[in-house]
Amino acid sequence: MKKAKPVQSLTVRLAESTEDVQRVQRLRANAFGPAFGMTFESGLDQDRFDGFCAHLMVFDGEQLVATTRLLDRERACLAGGFYSEQEFDLHDALNATEGNVLEIGRTCVAPDYSSMRAIQTLWQGVYEIAMLWNTQTVIGCASVPLGMGDCQGWLNSLPEEQRLAFHVRARRALPTPITAQPPELPTLLKTYLRMNAQLGTQACFDPVFHCADILIWLSVSQMTSKYRERLTAA
């Protein structure tokens, strides 16, 4: 991957050092803390998968404004599996999926940064790496804070074309919702749906972030032409 790809004042590159990864982890803690009501004693959001992932970083000048981490089949084998496999039983689904699978996770934008250009730049970087790694399928988890609505009820009402064609079992059931209203969908989940991703129909309870995790499954060949053009734009 090229060292930096300018988009107006923005650049995107992979983390190259321990210091880079710590900057990523600090940004994640600053973003996820307020969103999920969490406190990170070290000031860093970190887990055992970080050491196996490639970390994509978007900068506005010298300021780190967005990040995500990437884990493909080869790296997942070294890590003992994908992060999503902690939430869902993916054994049969992964065995039935040909080609390289790329997991996207821990995506966030700096809390005080509102430029949509940063998200576009991040996705352009993800797409570039996906193509370099010969990716056929993108997977991940979209997190919805509990208390924002009936996440499982919303999944039950999904139109057929947005549902995964195969059943994937969630490892932990959600607590009983406190409201029957559909949840307010996070921007990341809306973006995946616009790309033509399919969703697992069982949400998983994440006891660490105290949220509902929804499985994302996107066939690169089925991505909408609108988003493909946007991600490959110079």
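Ile-104, Trp-123, Val-126, Tyr-127, Ala-130, Val-138, Met-195, Leu-218, Val-220, Met-223 and Leu-231 line the largest cavity. This is a predicted model: local features need pLDDT of at least 70, side-chain atom pairs count only at pLDDT 80 or more, and totals for chains, interfaces and linings use all residues. Residues are numbered from 1 along each chain as its sequence is written, and side-chain values use heavy atoms, without hydrogens and water.

On a 1 Å grid over the protein atoms alone, a cavity is a set of points where a 1.4 Å probe fits but cannot get out; a pocket is an open set with protein on both sides within 12 Å along at least five of seven lines; lining residues have an atom within 4 Å of a point. A volume is the space filled by probe spheres set on the points.

| Space | Volume | Top contributor to lining |
|---|---|---|
| Largest cavity | about 70 Å³ | α4 (residues 116-132), four residues |
| Largest pocket | about 1000 Å³ | β4, seven residues |
| Second largest pocket | about 180 Å³ | α4, four residues |

Nonpolar covers Ala, Val, Leu, Ile, Met, Phe, Trp, Tyr, Cys and Pro; Asp, Glu, Lys and Arg are charged; the others, Gly among them, are polar. The largest pocket is lined by 28 nonpolar, six polar and six charged residues.

Helices (H or I, at least four residues) and strands (E, at least two) are DSSP runs, numbered from the N terminus. Gly-37, with a positive phi near 65°, follows α1.
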